[in-house]
Amino acid sequence: MITGKNLVAGNWQTTSSAHQFKTFNPKTVTPLPTAFEEATEAQIDAAVVEAAAVAAHFAGTSFSERAQFLKTIQEEIQAHTSEILEIYMAESALPEGRAKGELQRTLDQIERFIELLKEGSFVQATLHTQGPDLRKMLFPIGPVVVFGASNFPLAFSTAGGDTISALAAGCPVIVKAHPYHAGTSEWVAQAIHRALKKCDLPLGIFSHLGGQSHAVGRQLVCHPLVKAVGFTGSFAGGKALYDLAQQRACPIPVFAEMGSVNPIFILENRLKSDDGLSELLAGSITMGTGQFCTNPGLIVICDPAPNSSWGVALDEKIKTMELGPMVHSNIETSYTHQISKLKTEFKELAIAPSAASGACLGSVEASYFLAHPTLAEEVFGPFSLVVHCKNAKEQLAVAESLSGQLTATLLGDMEDQQQLQALLPILQAKVGRLLFEGVPTGVAVTQAMQHGGPYPATTDSRFSSVGVDAIYRWLRPVAYQDCPNEYLPAALQNENPLQLHRHLNGVLTKAMV
């Protein structure tokens, strides 16, 4: 059952003086019964201190021990599927299909990291024995703070990609639960806590803290024993955490995914020939009531027609969509405010809202868009802006004007090859993932996925928050020079006892030294 307590290094604690808050059902906007406690300064400090105290022990565990820990987390979540799904749907108003899909994605993510630990080469063991004997590999960075995401109560939250990748790396984790789905978060935290106990691992490896106040996150990020932060959310939230981390006496990395408009460029001939584009795009814009970080918030079309009516069909499709409420009334209020602000401030921007669902399509000429760069900022929700370019030159100018994004999509026909080749290098420098078919909503959880992009989409475009490569955010290289074999970690020892693929004097091999 849900308790509303904070999990501090293995202890579920309650404090009579703690501020309390509740989650809400977005459909009825009524509070759910459990009162959750905001973590106190003492609890926050204790969670981090305990995490730091067990960090060396956890870093020294074998890959097989960590794999078993993740497997046990997976089993504990599966054992309480019905309870997790029930509170997930109550707190988010998302349908059962979405709830089950996100739960399965969460379990699948864990499985990918189990496989990674069994294979082991992620430590990137590199040996150079000719001259000074140098041996290098990646080691866990230390205690990591993870902030739960508002729009993914499972896959980007308590046992989401940030937490599981950090645990796989051997880093203790302190989760700051998102207050919109505190109950869902606690159920999953209980599963992780039980897994720690079953695996006989130090309970300080995982803590779970609640709170509505920014003070909780601020204290966590500023704590001198925290070594890194994972965040998925708004630009304002991510930038604030990043700035705090850089102001510390010892700055630390903040891996923040902060939003993106994920532009879709539709080239002239594809626009004329593809009758299915409107339906495809309408589904992508409104998927999950527009609450995906890969939601296409900008559609840049090339159409020489002076009064292009291409957006009419897209608008009609969107207006037929039945959408659920957004995951919290605060998000919906912010979305409504942003749409109202667009209507008021930009006189040449046409906006066609749907009375039935709140979904909204805007349209504007490229020249006006280029003169008003704030039109390129994200509107989080079921909104997209169609930018009408009269020629290929305008479309290139729009691409040049954009800031960093998670994704960009290039839709063209064979006749559009020249324009596609001109756009490609511009967009490649601005995004983490380029699509040439389909839409950006939906992110495959594979090693080849890159879910990240240049600022302001993320704070570090070199890393991905999806797929097993997410583990590299929580690892750092250490080299050993002329170290006796018996003092080396197993991954670097002459005998290669872990049977890893290693780079030995420039050759990838499993051979012994």
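Modeller: Let's start with Ile426, which sits in helix 15 (residues 417-428); helices here are DSSP runs of H or I with at least four residues, strands are runs of E with at least two, and both are numbered from the N terminus. Please keep in mind that this is a predicted model, in which local features need pLDDT of at least 70 and side-chain atom pairs count only at pLDDT 80 or more, while totals for chains, interfaces and linings use all residues. Residues are numbered from 1 along each chain as its sequence is written, and side-chain values use heavy atoms, with hydrogens and water left out.

Ile426 has a relative accessible area of 14%, so it counts as buried (under 20% is buried, over 50% exposed and anything in between partly exposed, with a 1.4 Å probe and protein chains only). What does Ile426 touch, leaving aside its neighbours within four places in sequence? The partners are Leu396, Ala399 and Glu400, where contact means heavy atoms within 4.5 Å.

From helix 14, Ala392, Gln395, Leu396, Ala399 and Glu400 meet Gln419, Ala422, Leu423, Ile426 and Leu427 of helix 15. Sorted by class, this contact has seven nonpolar, two polar and one charged residues (Ala, Val, Leu, Ile, Met, Phe, Trp, Tyr, Cys and Pro are nonpolar; Asp, Glu, Lys and Arg are charged; the others, Gly among them, are polar). The axes of helix 14 (residues 392-401) and helix 15 are 9 Å apart, at an angle of about 10°; axes are lines fitted to C-alpha atoms, for helices over the stretch in contact, and angles run from 0 to 180 degrees between N-to-C directions. That makes helix 14 roughly parallel to helix 15, given that angles under 35 degrees count as roughly parallel, over 145 as roughly antiparallel, 65 to 115 as roughly perpendicular and the rest as oblique.

For a second pair, look at helix 10 (residues 277-286) and helix 11 (residues 310-319), whose axes are 9 Å apart with an angle of about 50°. Helix 10 is therefore oblique to helix 11. Here Leu277, Ser278, Glu279, Leu281, Ala282, Ile285 and Thr286 of helix 10 meet Trp310, Ala313, Leu314, Lys317 and Ile318 of helix 11. Eight nonpolar, two polar and two charged residues make up this contact.

Burial can also be followed helix by helix. In helix 5 (residues 161-169), nine of its nine residues are buried, among them Asp162, Thr163 and Ser165. Gly170 follows helix 5 with a positive phi, near 100°. Helix 7 (residues 214-222) has Val216, Gly217, Leu220 and Val221 as its buried residues. They cover an arc of only 125° around the axis, so they lie on the same side of helix 7; the arc is that of the directions from the helix axis to the C-beta atoms. Their cover includes helix 1 (41-59), strand 9 (144-147) and helix 8 (235-247). In helix 4 (residues 96-119) you will find Thr106, which is buried at a relative accessible area of 1%. Beyond its neighbours within four places in sequence, Thr106 is in contact with Leu154, Ala155 and Ala159.

Now for the loops and their backbone angles. Most residues other than glycine have a negative phi, and most peptide bonds are trans. A cis peptide bond joins Tyr455 and Pro456, with omega about 10°, and Pro456 lies in the loop between strand 20 and strand 21. Ser461 is found in the loop between strand 20 (431-435) and strand 21 (475-481), and is partly exposed at 38% relative accessible area. Ser461 is in contact with Gln450, Gly453 and Pro454, leaving aside its neighbours within four places in sequence.

Asn496 has a positive phi of about 50° although it is not a glycine. Asn496 lies in the loop between strand 21 and strand 22 (502-504) and is buried, with a relative accessible area of 0%. Asn505 likewise has a positive phi of about 50°, but at 26% relative accessibility Asn505 counts as partly exposed. You can find Asn505 in the loop between strand 22 and strand 23 (507-509).
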